[in-house]
Amino acid sequence: MRRGRVPELGVILLVLQIVKNIGVANIPPVTFLAILGQVAVYLQFLVVPRLCLSGEAVWNNGEYLKLLVPAIRHSHDIHLYYNMVSLAWKGMSLERRLGSLRFLIVLVLLTVLSSGCYVILALLASDLFEDPSYMQQCAVGFSGVLFALKVLNTSYDSTESRESYFGFLLPVRYAVWLELIIIQVMVPNASFLGHLGGILAGIIFVKGPIGGLFSLARAPRLMTVSPGSILGTAGLVAGHLGILGQPPFQGCLSTRQLHLDSWRKFSTPIAQKLLLSPLHHLGSVHLAINLVSFIIKGRRLEKYLGFPRFLGVVLLSGIGTSSVFWIVNRLLFEITGNTDHIYPCVVGLSGPLFALKFLVLLHTNRFDKTLLFELVECIVLLEKNHRLYHLSGMVAGLFIYYFFLPSNNPWASGGRRLGGAESNWT
């Protein structure tokens, strides 16, 4: 699928399934990021080598990259749809059991292990049936890993639960084998060796020494990173690296002259440059610092706002901060005739982050680590070159709070008692 092409039916169905039936906020962060990444690969927003997994390429030619990359590629939109919906449900169960970090490690290990089992099965089938075509068969998709995840899910289920198949109740530990046969009958073009390799990878993982390292005992708490924060972080990193089909948002984007030009010269290119300035960062360290702050704020705000409104507030923070910053600079220049307050290069997400900070502070009624971080972060206001940019963010946050989130105004409809319960934005 070429970039810029309208998403196909499977992608649209996947979005509807996640938003309406599963719920974006219900999907843990690593699972959400895995789904988002594979959709981006399919839509070619994220470019990876066009590789497929074959026994010949890995066993004979040593192309070990094919143990990983083909798993995140899909042949068509319906293939992507079924795999990603399955990943969402399995990830919600396993990531909550294991914790996000260990689940991420499990995903990577199972991807390599299931691909390795596929190669061994292709080699055995080629020798057993004296048919070299098994070594040349090409496979793509995440379904092998999904079969391995199903094995893990059933192994962690201590109860003797059963699943219904065509009216027959079957113990869950045998369900994966029945699914292997049913899928092959219903979809003859599916990779039988790939699915079988996934099952074997899951069994090896559970029964072998690796599985012991991922015991559910002492499982860490689920990493509380909001989906909106993940999506925003992925977008900023992709923009910084230039993998969205645009020049990388790196280095200084000169904004001084934009603030000095007459009001009458304001144009679309000037507005575009102003609005893009929060996306530009001077380097990787500058970006990383801002992303840490963004994720911390996102954890608090998305909890109250919900996924759609949080993304809307983030967008308004960027637009509002750039607009307020430009207006204030112009007013100061018109009134004083002095340009000392206009720094040559003001870029980065830190201005919009102060808009989000304003919202976080207004909706925090107890002293915790988030509040401590937000207060300590205010130290950056001591740096005079970007002080006006950061204060513009605070003003933008005030406007967002009063004009776009009117139902959350604590001084409306009788007010709110200090120290009371946090208001539910959703």
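**Exercises on two helices**

The crossing of helix 11 and helix 14 is right-handed, meaning that the near helix is turned clockwise from the far one by less than a right angle. The model is predicted, so local features need pLDDT of at least 70 and side-chain atom pairs count only at pLDDT 80 or more, while totals for chains, interfaces and linings use all residues. Residues are numbered from 1 along each chain as its sequence is written, and side-chain values use heavy atoms, with hydrogens and water left out.

**Exercise 1.** Determine how helix 11 and helix 14 are oriented to one another.

*Solution.* Begin with the axes (lines fitted to C-alpha atoms over the stretch in contact, with angles from 0 to 180 degrees between N-to-C directions): those of helix 11 (residues 227-241) and helix 14 (residues 284-305) come within 8 Å and cross at roughly 160°. That makes the two helices roughly antiparallel, a term for angles over 145 degrees. Next, look at the contact (heavy atoms within 4.5 Å), where residues including G232, L236 and H240 of helix 11 meet residues of helix 14, among them L291, F294 and R299.

Key. Helix = DSSP H or I, 4+ residues; strand = E, 2+ residues; numbered from the N terminus. Parallel < 35°, antiparallel > 145°, perpendicular 65-115°, else oblique.
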